[in-house]
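Please find below a short note for a colleague who is meeting this structure for the first time. The points take up surface charge and then the pairing of aromatic rings.

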Amino acid sequence: MAPEAVHQAYRFALDPTPRQQAALASAVGGARFAHNWGLALVKQRLDARAGGQQVEVPWTLPALRREWNRAKPQVAPWWAANSKEAYSSGLDGLARALKNFTDSRHGRRKGRRVGFPRFKRRGRRDACRFTTGPIRVCSDRKHVQLPRIGVVKTHESTRKLARHVERGTGRILAATITRVAGRWYVAFTCELTRQLPSSNGHAGTVGVDVGIRHLAVLSTGEQVPNPRPLERAQRKRRRLQRQWHRRERQRIASGRTHPGRRQQQTRRRIAAVEARAASVRRDGLHKLTSRLVAEHGTVVVERLNVAGMLRNRHLARAVGDAGFAQLRRLLGYKATWRGARLVQADPFYPSSKTCSACGAARATLRLGERTFRCDDDGCGLVLDRDLNAARNLARLVVGLEATESQHLKVPAVAGSGAEARNARGVDVRPGLVGRTATNREAGTGCCPGQTGTVGAQASAARTTGTR
C-alpha cells in the first residue's frame, strides 16, 4: 500500500458571535459585489465592441483582477474592510463561468450548453473562498481561524482534520465559507497522504439497483428504505410557500418595494425546511455508500442518465430527492479509499428485463410492472423487479471476469479502483451472449456503446470528497 496524495474536503458548522456573523456576511457580500461588478464591466465592454470600438474585454481572472485593482478605490471605497481574497473569490467564479460559456459554445465542454453568466443576488448561494492568509484549525479542536475574520468557534470538533495536520499527513489548501438557511459553514480543501489499499479483505460482489420506492435494492435481498426527505417535508413546505406568495401579493398591492419582516421570516423558514431535507438525504447516502464499500469487495451499479430523467416532469422531484448521481459519485472515491472495486454497467444494459435465473430477456417491461415474470419459454421465475435487476448486476461481474479470462470482448461496463479497466465491446447479458436492439433497456443514455465512470475513479479519489 503505497501512500498517495488525495484531495479531501472537511466541512464544519460554525457558531460565530454577532460581530463575526457581520464579518462573514461582509466577506460573502464583497465576493458577490466583485462578481456583479465584473459581469457588468464585461457586458459593457462587449456592447462597446459590438458598436465598433476597440476595447479589451476582461475574460480571464488576471485581466479581471487588473481591472478591479484599478477601479476599486472609486467603485468600492470600503474594500479594505474585507480580505482581498473575498473579491478575488467573486472574480474567480466569474472567470470560471465565462470559460465554461466559451468552452460550451465551441464544443470543448460536455453536457448541455452553458448560458452566459448572470448577476448574483443576496441569499442565493452566499459563499466566499480563501486561499491565502491565516487559515488553520486551532489546537483545541473547537475553533478555526480565517483571514480578517479571526478565530471562530465550531459547532463540532475538528479532530479528524486536526489529527492529519498535527501528524504532517495533511495540508490545508483553501477554506470556503457558506451561508445555508441562516447557518454558517466552513469547508477546508486539504491535501492528505492516504494509504490506498488494493483490497478491503472481502471477496463478495453486490449488485445495487437504485430506485424511488426503495433507495437501493441489493442483490443479497436487502431493501434500503428511501428516506424521501423532501417529500416528507412537502406539506410544511407548501404551506410556507403559499404564505410567502400571499404576502408577496400584499406587498405588491401596497406598493412596497422591499419584502417586510414577516415575509423575510417566511423565506428563512422555507430555506430551513429545504436545508434539513438536504442534510437528511446527504446523511443517508453517506451511510449507505460507506457500508457498501466496507462490506463488499466489488460493488456493481448502473450508470443512469440522471439529467435525462430529471427532464421528466412526473419523476423529476422524486429522482432529485433520491440523489442517484450523488450516490454514484460517493461510491466513486470511497471505493478507492477502502480498497473496493466499483463496476458501472452500461446505461443500455437490460438489468430489469433479463431473467436472473435463466438469462432470457423480455422484449418490453412497463415501468408500472413491479414484479418480473419470466416468459413462457423461460424458467417461469416470478421475482421483485428491483431484486431481479440487482441480481443481474451482480452476475455481470462474474460474466465479465469469465470473458476477460478468455480474451474475448466484454460487456459495456466500466471498472474502477486499483483494478480499473474501461471495457468496450458488444452488450452481453449474464449467461447469454448476443442480443438484439429490441431487447435494450429503456433509453437512459444517448449512445449504447459508450462507457465511462464517475470521473475515472482513480483520479476522482484524488480530487475531492467528504467523510
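Predicted model: local features only at pLDDT ≥ 70, side-chain atom pairs only at ≥ 80, totals over all residues.

1. R238 belongs to a positive surface patch, which is formed by R235, K236, R238, R239, R242, R246, R249 and R269. Helix α6, covering residues 234-254, contributes the largest share of this patch, namely seven residues.

2. Turning to the aromatic rings, the count comes to nine aromatic pairs. In one of them, the ring centres of F33 and W78 are 5.1 Å apart with the planes at 70 degrees, so this pair is edge-to-face. Because F33 lies in helix α1 (residues 18-50) and W78 in the loop between α2 (61-75) and α3 (84-105), the pair ties together parts that are 45 residues apart in sequence. F33 is partly exposed, with a relative accessible area of 29%, and W78 is also partly exposed, with a value of 39%.

3. The pair of W37 and W68 is likewise edge-to-face, because the ring centres are 5.5 Å apart and the planes stand at 75 degrees, where planes over 60 degrees apart count as edge-to-face. Here too distant parts of the chain are linked, since W37 is in helix α1 and W68 in helix α2, 31 residues apart. Both W37 and W68 are buried.

4. Taken together, ring pairs join F33, W37, W68, W78 and Y87 into a cluster, so a reader may wish to view the two pairs described above as parts of that cluster.

Methods. Residues numbered from 1 in each chain as written. Heavy atoms only, no water. Patch = residues over 30% accessible without salt bridge, like charges linked within 9 Å, V, L, I, M, F, W, Y side chains within 5 Å. Areas by Shrake-Rupley, 256 points an atom, 1.4 Å probe, with all protein chains shown as cover. Salt bridge = Lys/Arg side-chain N within 4 Å of Asp/Glu carboxyl O. Lys, Arg positive; Asp, Glu negative; His and termini not counted. Charge placed at Lys NZ, Arg CZ, Asp CG, Glu CD. Helix = DSSP H or I, 4+ residues; strand = E, 2+ residues; numbered from the N terminus. Phe/Tyr/Trp six-rings, centres within 6.5 Å; stacked < 30°, edge-to-face > 60°. Buried < 20%, exposed > 50% of the residue type's maximum accessible area, 1.4 Å probe, protein only.
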